[in-house]
Amino acid sequence: MARSAQPRAWQRMLSGRRLDLLDPVPIDIEITDIAHGLARVARWNGQTHGDHALSVAQHSLMVEAICARLGQRYDNDLALLTLLHDAPEYVIGDMISPFKSIVGGGYKAVEARLSAAIHLRFGLPAETPATSKTRIKRADRIAAYFEATTLAGFTVSEARAFFGQPRGVTSDMLELDPWPAREAEARFLDRFKAIESARRPVSGER
């Protein structure tokens, strides 16, 4: 039997969409697939305490809640950019930072193409504006600090060295107890719908 000259670079989603990782297009992206996938991708390679893995979906909600606390301006586009900041991981997984540094630019190129397609699908700029990216990254590092110290076995000094000392946010403000996948999926979808409703109050659901 003859084999295809090129290896398969697409994944079939539960929605029925077929997403090409090398050339993703917005029409093949569905929020239900993103929520489902992120709710089943484990942060910290699953090396966390609790009955359930800490999912990327729960992490994304945590980062979005933190970002809202950082600074004055927080509009609905920034809220959605923040909620979707790790959205490419619904198809490529959550690669821990030490391994990303080994893999190099190929991973980042695929991640960037997926991120752009996801943003365009939901009416966001293909590339996150610099000011928004800085704020999201700060919120992401705060979430990582509390995840590391509460769930992933890091000492406070280790977490400070890697992520910095959080300011303006304390662990009691966050939901750090890992949720079951179905709950994480539902809560991610609920937050997405709330933001979209605020962004598009007349047009209704997409």
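Which residue lies over the face of W10? That is R18, at 4.5 Å from the ring centre. Some notes on the rings follow.

1. A word on the model: it is predicted, so to speak of local features pLDDT must be at least 70, side-chain atom pairs count only at pLDDT 80 or more, and totals for chains, interfaces and linings use all residues. Residues are numbered from 1 along each chain as its sequence is written, and side-chain values use heavy atoms, with hydrogens and water left out.

2. (A charge sits over a ring if NZ of Lys or CZ of Arg is within 6 Å of the ring centre and within 35 degrees of the ring normal.)

3. On ring pairs, the count is 7. Rings of Phe, Tyr and Trp (its six-membered ring) pair if their centres lie within 6.5 Å; planes under 30 degrees apart are stacked, over 60 edge-to-face, and the rest tilted. One of them is F122 with F192: centres 5.1 Å apart and planes at 70°, so edge-to-face. F122 lies in the loop between α6 (105-121) and α7 (130-150) and F192 in helix α9 (residues 181-199), so this pair ties together parts 70 residues apart in sequence. (Helices, H or I, at least four residues, are DSSP runs numbered from the N terminus.)

4. F122 is buried at 2% relative accessibility, and F192 is buried too, at 6%. Buried means under 20% relative accessible area, exposed over 50%, partly exposed in between (1.4 Å probe, protein chains only).

5. F154 and F162 are also edge-to-face, because their ring centres are 6.2 Å apart and their planes at 75°. Here F154 is partly exposed at 24%, while F162 is exposed at 52%.

Definitions and conventions: Helices (H or I, at least four residues) and strands (E, at least two) are DSSP runs, numbered from the N terminus.
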